[in-house]
Amino acid sequence: MLSPSLLLLFLLLLLLGSGRAVSDNGFPGLRRPDLPFFDFEESKNVTALLGKTAILNCRVKNIGNKTVSWVRHRDIHLLTVGRFTYTSDARFSARHTQGSEDWLLMIYYLQERDAGMYECQISTTPPMSHFVHLSVVEPETVILGGPDVYINTGSRLALTCSVKFSPEPPAFIFWYHEDKLVSYDRRPNGVVVTTERGPVTTSHLLVQLVEPRHSGRYTCSPANSKPQSVTVHVIAGDQPAAILHENGGPEASGGSLASLPPTLLLLLFILQANLTRS
């Protein structure tokens, strides 16, 4: 007589051989040929911008006469069934094209509370499920070296603006001097702006030879993030003022004086003059 463990192994081999093992992982040979299955490569986690639209996709192959539903996991709230939406929140909508394998959940005007897990469910017995995680992010704009930068006339000014936590690079980044759009000028004392797009998009504003007219408020304004500003103080003469380099680090001739208030700088200059006379 066969032992229970050998009997179990025999039954498992029999099921695998007949192709009747049930699984929703999409691997050939580990699912029943008459059951639907998920295409995980096309049903991935989603990161979307706060206030924008998120599109969650669930691709189901071999669906037959089954139905696909979307459920919000945190409160087990049924959102959609097939092409119909079952929620009073008008920001949620089901999308499906006849003959397509993609079952979409659209979420408009994203809010922070929309982040979390969403379940794509197929109406098999028992139901088959695949979870998609939604991350809601708000891009952040940062100008290195702010909020005040002190620099001598004739020095080089380099301002660096970075856009972080954005799922895609901003379409553009504009710089403003006071309220006027910066016009790029490649002359020796002109303004040059370069932008490097990537996971963190960075825009550099460079003035090769600083003049008094370059004083004032500079604003970095990306397409998909809140603007940030920095105030540049141009100091006439040879006083030791902080110089901002490309890496955003302050450096001062005659000591580290980055971002000191003008009154304190004046006191230091008077003290230095008195020491020189003595």
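A residue counts as buried when its relative accessible area is under 20%, and the legends below use the word in that sense for a model that is predicted.

View 1. The strands β9 and β10 form a hairpin, and 5 residues lie between them.

**View 2. An open sheet of 4 strands.** The strands of this open sheet follow the order β1-β3-β8-β7, and their pairing is antiparallel. Because β1 (37–38) and β7 (92–95) stand at the edges and have a single partner strand each, one side of each is left without a neighbour in the sheet. Strand β3, residues 54–61, is joined to strand β8, residues 102–107, by 6 bridges in the antiparallel sense, and here Asn 57 is found opposite Leu 104 of β8.

**View 3. The largest nonpolar core and the surroundings of Leu 134.** This core holds 23 residues, and those with the most contacts inside it include Leu 56, Trp 70, Tyr 118 and Leu 134. Two or more residues are given to the core by each of β2 (46–49), β3, β4 (68–72), β8, β9 (116–122) and β10 (128–137). When neighbours within four places in sequence are left aside, the residues in contact with Leu 134 include Val 46, Ala 48, Leu 56, Ile 107, Asp 114 and Tyr 118. A second, separate core has 20 residues, among them Ile 143, Leu 157, Val 191 and Val 210.

**View 4. Two stacked pairs of aromatic rings.** The count of aromatic pairs in the model comes to 2. Phe 38 and Phe 40 form a stacked pair, at 6.2 Å centre to centre and with 25° between the planes; Phe 38 is buried, its relative accessible area being 2%, whereas Phe 40 counts as partly exposed at 34% relative accessibility. In the pair of Phe 172 and Phe 174 the ring centres are 4.5 Å apart and the planes stand at 25°, so this pair is stacked. Phe 172 counts as partly exposed at 35% relative accessibility, and Phe 174 is partly exposed with a relative accessible area of 32%.

Key:
Residues are numbered from 1 along each chain as its sequence is written. This is a predicted model: local features need pLDDT of at least 70, side-chain atom pairs count only at pLDDT 80 or more; totals for chains, interfaces and linings use all residues. Side-chain values use heavy atoms; hydrogens and water are left out. Two strands pair if DSSP finds at least two bridges between them. A nonpolar core is a set of buried Ala, Val, Leu, Ile, Met, Phe, Trp, Tyr and Cys residues joined through side-chain atoms within 4.5 Å. Buried means under 20% relative accessible area, exposed over 50%, partly exposed in between (1.4 Å probe, protein chains only). Contact means heavy atoms within 4.5 Å. Rings of Phe, Tyr and Trp (its six-membered ring) pair if their centres lie within 6.5 Å; planes under 30 degrees apart count as stacked, over 60 as edge-to-face and the rest as tilted.
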